[in-house]
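The chain as a whole comes after that.

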Amino acid sequence: MHRRGVGAGAIAKKKLAEAKYKERGTVLAEDQLAQMSKQLDMFKTNLEEFASKHKQEIRKNPQFRVQFQDMCATIGVDPLASGKGFWSEMLGVGDFYYELGVQIVEVCLALKHRNGGLITLEELHQQVLKGRGKFAQDVSQDDLLRAIKKLKVLGNGFGIIPVGGTYLIQSVPAELNMDHTIVLQLAEKKGYVTVSEIKSSLKWETERAQQVLEHLLKEGMAWLDTQAAGDPQYWLPALFTELYSQEITPEEAKEAIP
Amino acid sequence: MDRFVWSSGLLELEETLVIQQRGVRVYDGEEKVRFDSGVLLLSTHRLIWRDQKNHERCIAIPLSQIVFIEEQAAGIGKSAKIVVHLHPASSNKEPGPFQSSKYSYIKLSFKEHGQIEFYRRLSEEITQRRWENMPAAQTMQVNKSPQAGRIRAVGIVGIERKLEEKRKETDKNISEAFEDLSKLMDKAKEMVELSKSIANKIKEKQGDITEDETVRFKSYLLSMGIANPVTRETYGSGTHYHMQLAKQLAGILQTPLEERGGIMSLTEVYCLVNRARGLELLSPEDLVNACKMLESLKLPLRLRIFDSGVMVIELQSHNEEEMVASALETVSEKGSLTADEFAKLVGMSVLLAKERLLLAEKMGHLCRDDSVEGLRFYPNLFMTQS
C-alpha cells in the first residue's frame with residue numbers, strides 16, 4: 001500500500017480514531033458514575049462519623065448552625081433541599097427546619113387579618129416560640145429566615161423585606177415592588193408615615209406617594225388615621241408591637257382601632 | 001435583686017425597645033422571689049420586667065448596672081437562663097422590691113424559650129452602651145461604670161476566672177467541631193466537582209448516556225443536596241424517590257381534597273402532610289418536585305400554577321372553570337363580593353377564593369372595582385348586557 005496523505009485514507013483513520021475516542025468517552029462516564037457511587041458511600045460514612053460527634057452541637061448551638069449552612073452554601077450544597085438528602089437524614093437538620101416552616105405558615109395565617117400579611121421578624125419569632133411550647137428546642141431568628149427561604153418555593157408569596165436593621169416577613173402573594181419596600185422602610189421608624197414625609201425624604205411627587213400608600217391600604221398592610229393632627233397617618237400594624245413596651249393582644253388591637 | 005426599682009414600664013423619650021420575651025422568671029441569685037411569670041423587655045437603656053398577670057407590677061434596672069452576663073444551658077426540667085452580674089446599687093436609688101440582697105447577681109429563667117435571641121441582643125446593648133449617647137429622663141439612675149468598676153466585690157474576680165476557663169473550654173470544643181466540619185466540607189466539595197464533570201459529560205453526549213444512568217446520577221445529586229449542574233433546576237422530575245412520593249401523595253390527599261372542594265394550595269398540602277408525618281418530613285422542594293410528576297404518572301391529582309404564582313393541587317375531576325360559573329352566580333346573587341366575603345360564603349381559604357375570582361375576571365365574567373376599601377368583584381355587565 002502506498003503512502004496516503006490527506007485524502008480518503010486520512011479521513012478514514014480520523015473517523016476510526018474518533019469512534020474509539022467516543023467509546024472511551026462512554027466508558028469514562030460509566031467509570032465516573034461508579035466512582036461517584038463509591039465516593040458517595042465513603043462520604044456517607046464520614047458524615048455519619050461527624051454526626052455522631054457533633055449532631056448535638058448543631059442542635060444546640062445556633063452559631064454553629066449558621067457556620068454549617070454558610071459553608072454548605074459556599075461549596076454549592078443545599079443541606080435542606082430534600083428530606084431524603086444525607087444531611088437531613090443524618091444530622092437531623094431537615095426535620096428541624098421543615099417543621100419550623102409549618103409553624104411559620106400557621107402563625108402568619110393566624111395573624112393575617114390583623115396585619116395584612118406583613119409581620120416583623122421579632123414578632124414572628126415570639127409567636128412561633130409561643131406555639132412551640134416549653135419542651136421544644138429554642139430557635140434563633142436566623143433559623144426562621146432559613147426556613148422562610150425554603151418556603152418560598154411553594155408559591156405562597158413568602159418574602160423577606162429588610163427594614164431598619166431587621167426584617168419584615170411577607171406571607172401573602174401581594175406585589176410589593178421597590179417603591180413599596182422603600183416606603184415600608186421609611187415607616188419603620190415611627191410605625192407610620194405620611195404623604196409629606198415621603199415627599200420630603202424621598203423627593204417623590206404626591207401621586208407616586210399616594211399610589212404606594214393606597215396599595216398598602218388595599219392589601220390591608222396599612223391602616224389610615226385621618227384624625228391625626230396634620231397629615232393623615234398611614235400606620236403599619238406589623239410594626240405595632242415594636243413601638244409599645246406593653247404587649248397588645250389581637251383582641252385589644254381590634255378594640256383600639258374603630 | 002436590690003438593684004431593681006419599681007417602674008411604670010413605659011419607655012422614655014430617647015429609649016427604644018430592642019426585644020421582649022414572655023414567660024421569664026427572675027431569681028435573686030439562686031432564690032425564687034415571686035417574680036415568676038413576666039414579660040422581660042430589653043431597651044437601649046434598661047431591662048424591664050412586667051408581671052403577666054398584673055400589668056401594674058413592673059420593675060426595671062438600668063443596663064449600666066450590669067457588669068457582665070453569662071448563659072446557663074437548659075437541662076432536664078430546667079429552662080435556659082441568663083445570669084446577670086451587677087454592680088452594687090447606688091445610694092440614691094429609687095425604691096424597689098428589695099432593700100437588700102445577699103447576692104450580686106440575678107438569674108433570668110426563660111420558661112418559654114427565647115433565650116438565644118435575648119442573650120444576643122443583651123450582649124450587643126451592653127457592648128454598644130447606647131444609653132450613654134441618649135440620656136433619658138432624670139428618674140433613671142446613671143451609673144458611671146469606670147468608677148464602679150474599681151470597687152469590685154471579691155466574688156466577681158473568682159467568677160470572671162471561671163468564666164474565662166469556661167470560654168476556653170467552649171472554644172476548644174467549638175474549634176474541634178469546626179475542624180471536623182471543615183474536613184467534611186472539603187470532602188463534600190470533591191463530590192460537587194465530580195458531579196460537575198459528570199454533568200458535562202452528559203451534556204456533551206446527549207444520546208450516549210442511558211436513561212438509567214441519568215436517573216442514577218440525579219439520585220446521587222439528591223443525596224448530596226447538589227443542584228443539577230446541567231439544567232440548574234433541583235434534580236426535579238425523574239428520581240425514583242419523587243415518583244414514589246407522588247404516588248403516596250395521591251393516596252394521602254384524595255380525601256382532604258374532596259373535603260375542601262377539590263382544590264388546596266400547595267402550602268396547605270405542605271402543612272397537612274408534614275403535620276401528619278411527624279418525623280422524616282418533606283422539604284418544600286421534595287413536595288414541589290413530586291407534584292410536578294403527578295400528571296405524567298397519570299395520578300388522579302394535578303399541580304396547577306396560577307398567573308399570580310400561587311400553586312395548587314387539584315383533583316383531576318375538579319374543573320376550576322366550571323367552579324367559575326357557580327362563583328359568578330354567587331357574586332350575582334349578592335350584587336358584588338370581595339375575596340374575603342366570597343371565601344366566607346363558600347367556605348374556602350381567602351387565597352383560593354381570590355384566585356377563583358381573578359380567574360372569573362380573566363374569563364370575562366367579572367369586573368373589578370379596585371379602591372382603598374378593597375378589591376370588589378361585580379358581574380361583568382358589559383358582557384351580558386351589550
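The top contributor is α7(A), with three residues. By class, the lining has nine nonpolar residues, with no polar and no charged ones (nonpolar covers Ala, Val, Leu, Ile, Met, Phe, Trp, Tyr, Cys and Pro; charged is Asp, Glu, Lys and Arg; the others, Gly among them, are polar).

The space itself is about 40 Å³, and the search of the whole structure turns up one cavity of 30 Å³ or more. Here a cavity is a set of points on a 1 Å grid over the protein atoms alone where a 1.4 Å probe fits but cannot get out, and lining residues have an atom within 4 Å of a point. Volume is the space filled by probe spheres set on the points, joined across faces, edges and corners.

This is a predicted model, where local features need pLDDT of at least 70 and side-chain atom pairs 80 or more, while totals for chains, interfaces and linings use all residues. Residues count from 1 along each chain as written, chains are lettered from A and ligands numbered from 1 in written order, and side-chain values use heavy atoms, without hydrogens and water.

Now for chain A overall:

| Item | Value |
|---|---|
| Helices in chain A (DSSP H or I, at least four residues) | 11 helices |
| Strands in chain A (DSSP E, at least two residues) | six strands |

How values were computed. 1 Å grid on protein atoms, 1.4 Å probe; cavity = no way out; pocket = protein on both sides within 12 Å on 5 of 7 lines; lining within 4 Å.
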